[in-house]
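Please look over the sequence and the structure before reading on.

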Amino acid sequence: MAVRLRRIVEHRKVLWTLVKRDLRVRYARSVLGYLWTLIDPLAMALIYWFVFGVIYHTNSETRSDGAPFVLFLVAGLLPWNWFNASITESARALSSERLLVRSTNLPRELWVIRLVIAKGIEFLMSLPILFAFMLWFRYGAGQISIHPERFLYWIPALLIEFVLCVGMGFVMAPVTALVDDFVRLVRIALRMLFYLTPIVYSSQILADRAPWAKHIQQFNPLTGVNDMFRQVFIPHQAPDYHAWILAVVVSCLWVVFGMWVFKKLEPSVLKEI
Amino acid sequence: MSDDTTQLGPIGEPVMGENGKLRWRPERRKNDPPGYDPEHKSTMADYGFPPVPSTVEWKTDPGRPVIEVDNLGIEFLRGRKRNLSLREIIFRGGSAHEKDTFWALRNLNFTVGRGEAVGLVGGNGGGKSTLLKMIAGTLLPDEGKATVREGVAPLIELTGGFIGELSARENVYLTAGLHGMAREEIDARFDDIVDFAGPQVRAGLDVPFRHFSSGMQVRLGFSVITCLDEPIILVDEVLAVGDAAFREKCYNRMENLLDQGRTLFLVSHSSADLLRFCTRGLYLNGGELVGDGPMDEIMDRYMSDLLGDGHQLPTPEEAVDRRLAREDAQIKRRLKREADRASAVSG
């Protein structure tokens with residue numbers, strides 16, 4: 001495993017080339033290019049806001065940890081989008097680039113990592129949405145206060161989510177190349193995971209209403225990640241350190257497991273594609 | 001002077017062979033390259049060509065094999081698509097139940113040294129491309145190993161790295177970058193790459209790549225990969241790309257790379273190509289290495305295996321004549337390249 005890691009590090013230049021290539025392809029064709037990166041999560045936020053903020057409106061403070069619901073929602077939705085896109089697209093990471101995979105002797109892990117990074121950059125570029133909402137609720141509506149020093153929490157949050165996506169991608173990419181219907185299974189799992197992640201509700205409210213589910217949720221690394229992102233504006237909720245630690249541990253386990261699966265399946269995948 | 005020519009007597013006089021046919025003799029033509037001297041010299045060694053300077057950096061010492069194949073084997077499933085259960089593939093190491101597989105290659109052992117030009121022959125399904133991919137590192141062996149100690153320029157799936165939406169310029173940078181070239185190197189060689197691909201490609205550098213004709217796409221692909229400064233060149237049936245003029249240009253470039261002492265590994269069904277470039281032949285049959293020797297002998301063996309009675313082996317005299325004729329053509333081409341290089345240096 002150390003050998004494989006070293007080879008990946010040795011090829012970091014190629015990695016950037018691949019990332020740039022991905023982003024260029026993504027933005028080459030449409031004039032609206034960058035706008036799509038903003039419109040997409042905004043549209044999703046609108047839907048969830050309508051369903052959960054308007055239709056199922058409850059006045060409980062705990063449902064969004066005391067922050068305005070829309071802000072709470074967006075701060076959870078953007079990282080989720082990164083995660084979701086990384087996992088679903090890494091399913092095709094090897095097969096969609098099969099010509100290149102077959103003609104270049106790069107560490108095959110790069111095809112997954114490059115995708116997670118590219119999606120991560122798109123995530124960073126969608127962050128202005130979050131900033132805009134924060135500024136609005138701070139200076140326009142005056143409902144929140146912002147703790148600038150807590151932006152530091154975003155660094156571990158980004159790292160953990162990156163590690164998690166890479167680890168799960170390492171499993172997704174080879175398995176889907178070998179087993180056709182694995183993608184369907186994953187799609188269902190992702191949909192369930194969306195509601196097991198505190199995006200449209202807070203983990204506090206889950207603890208009140210379904211304590212057993214809260215225990216499961218703690219093992220979802222995105223629980224910790226979302227909590228880190230939200231610390232910047234959440235008024236009086238103590239950081240959920242338990243979830244943070246579990247996020248680190250579970251993400252690292254995923255990477256180790258992912259590398260093992262990837263190594264194990266790589267020869268068969270290369271024969272198949 | 002070699003023995004073969006001295007047997008034939010002075011140039012210009014026809015010599016009769018044992019079967020009553022005239023034997024091959026070198027002859028002078030109008031457009032012979034400068035320095036061609038069949039009266040006094042008949043082999044490459046006679047001409048004593050100087051080593052051609054190159055920018056290749058070798059990591060191994062001279063004399064050490066650059067490719068070492070040790071008991072190599074790879075197993076494929078017979079059915080194209082399979083019904084896999086997750087449990088089975090992840091824990092395959094532990095479970096040993098019967099599967100419908102076959103060995104595409106097995107028990108392969110050979111080494112290739114610096115500057116060798118190796119041709120791989122064998123019928124369809126003989127495992128030629130599979131072997132090439134394992135040397136390129138894009139297939140992993142199930143048994144044994146293939147050690148490649150130098151960088152590889154794979155002329156396999158030439159246009160695989162190109163993206164239709166991006167411009168040709170961007171594609172050149174991307175593909176060269178993927179094969180490990182640094183940005184500055186690409187900058188320095190960009191003009192060479194595009195010039196080689198031809199004026200039509202240069203004219204369309206900034207249009208999306210998918211507007212290129214397929215011929216132009218392959219030309220650019222060939223151009224990029226052969227500009228990589230790698231010591232080992234792997235070729236899978238893609239030597240003959242483009243029209244006749246470009247094909248000749250490709251051949252010329254390949255020979256230039258060989259002049260520089262690079263190692264070539266060529267898979268082809270064209271005996272003309274194999275005999276033109278390769279000195280050593282490897283013969284794969286049914287996944288096993290059944291022959292390893294001089295290219296023309298291996299070629300004859302392969303052809304007679306393949307065609308049976310349909311292939312008539314050359315008589316010893318004919319074999320000698322063909323070898324001489326080939327070498328003579330090689331000498332002429334080399335002289336031509338030497339002249340080109342000299343004029344390139346003098347500007």
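A polar contact is a pair of N or O atoms within 3.5 Å; within protein, one must be able to donate a hydrogen and the other to accept it, and residues adjacent in sequence count only if both atoms are side-chain atoms. By that rule, 7 residue pairs are in polar contact between chain A and chain B, counting pairs with both residues at pLDDT 80 or more.

This is a predicted model, in which local features need pLDDT of at least 70 and side-chain atom pairs count only at pLDDT 80 or more, while totals for chains, interfaces and linings use all residues. Residues are numbered from 1 along each chain as its sequence is written, chains are lettered from A and ligands numbered from 1 in the order in which they are written, and side-chain values use heavy atoms, with hydrogens and water left out.

**Interface of chain A and chain B**

- Contact, meaning heavy atoms within 4.5 Å, involves 32 residues of chain A and 32 residues of chain B.
- The size of an interface is often given as the accessible area lost when the parts come together.
- Here the buried area (accessible area, 1.4 Å probe, that two parts lose on being put together, summed over both) is about 3100 Å², and carbon and sulfur atoms give 63% of this area.
- The rule for salt bridges (a side-chain nitrogen of Lys or Arg within 4 Å of a carboxyl oxygen of Asp or Glu) finds 3 of them across the interface.
- One salt bridge joins the side chains of Lys271(A) and Asp142(B), at 2.6 Å from N to O.
- On the side of chain A that touches chain B, at least two residues each come from helix H2 (12-28), helix H5 (98-103), helix H7 (154-178) and helix H12 (241-272); helices (H or I, at least four residues) and strands (E, at least two) are DSSP runs, numbered from the N terminus.
- H12(A) gives the most to that side of chain A, with 9 residues.
- By residue type, the side of chain A that touches chain B has 17 nonpolar, 5 polar and 10 charged residues, where Ala, Val, Leu, Ile, Met, Phe, Trp, Tyr, Cys and Pro count as nonpolar, Asp, Glu, Lys and Arg as charged, and the others, Gly among them, as polar.

- Thr104(A) sits in the loop between H5 and helix H6 (109-140) of chain A.
- Thr104(A) counts as buried because its relative accessibility is 2%; buried means under 20% relative accessible area, exposed over 50%, and partly exposed in between (1.4 Å probe, protein chains only).
- A polar atom of the Thr104(A) side chain lies 2.7 Å from the backbone oxygen of Leu100(A).
- Apart from neighbours within four places in sequence, Thr104(A) has contacts with Trp111(A), Thr138(B) and His179(B).
- Val163(A) belongs to helix H7 of chain A and, at 25% relative accessibility, is partly exposed.
- Apart from neighbours within four places in sequence, Val163(A) has contacts with Ser251(A), Cys252(A) and Val255(A).
- The C-alpha atom of Val163(A) is 8.0 Å from that of Trp254(A), and the two residues are 91 apart along the chain.

**Salt bridges within the chains**

- Over all chains, the structure holds 42 salt bridges.
- Arg21(A) pairs with Glu97(A) in a salt bridge, with the closest N and O atoms 2.8 Å apart.
- This pair links distant parts of the chain, 76 residues apart: Arg21(A) is in helix H2 and Glu97(A) is in the loop between helix H4 (69-90) and H5 of chain A.
- Arg21(A) is buried at 3% relative accessible area, and Glu97(A) is buried at 14% relative accessibility.
- Glu122(A) and Arg26(A) form a salt bridge whose closest N and O atoms are 2.6 Å apart.
- Glu122(A) is in helix H6 and Arg26(A) in helix H2 of chain A, so this pair ties together parts 96 residues apart in sequence.
- Glu122(A) counts as buried at 10% relative accessibility, whereas Arg26(A), at 35%, counts as partly exposed.
- In chain B, Asp191(B) forms a salt bridge with Arg202(B), the closest N and O atoms being 3.1 Å apart.
- Asp191(B) lies in helix H6 (residues 183-197) and Arg202(B) in helix H7 (residues 199-203) of chain B, so the pair ties together parts 11 residues apart in sequence.

**Chain B as a whole**

- Chain B has 12 helices and 9 strands.
- Of its 347 residues, 47% count as buried.
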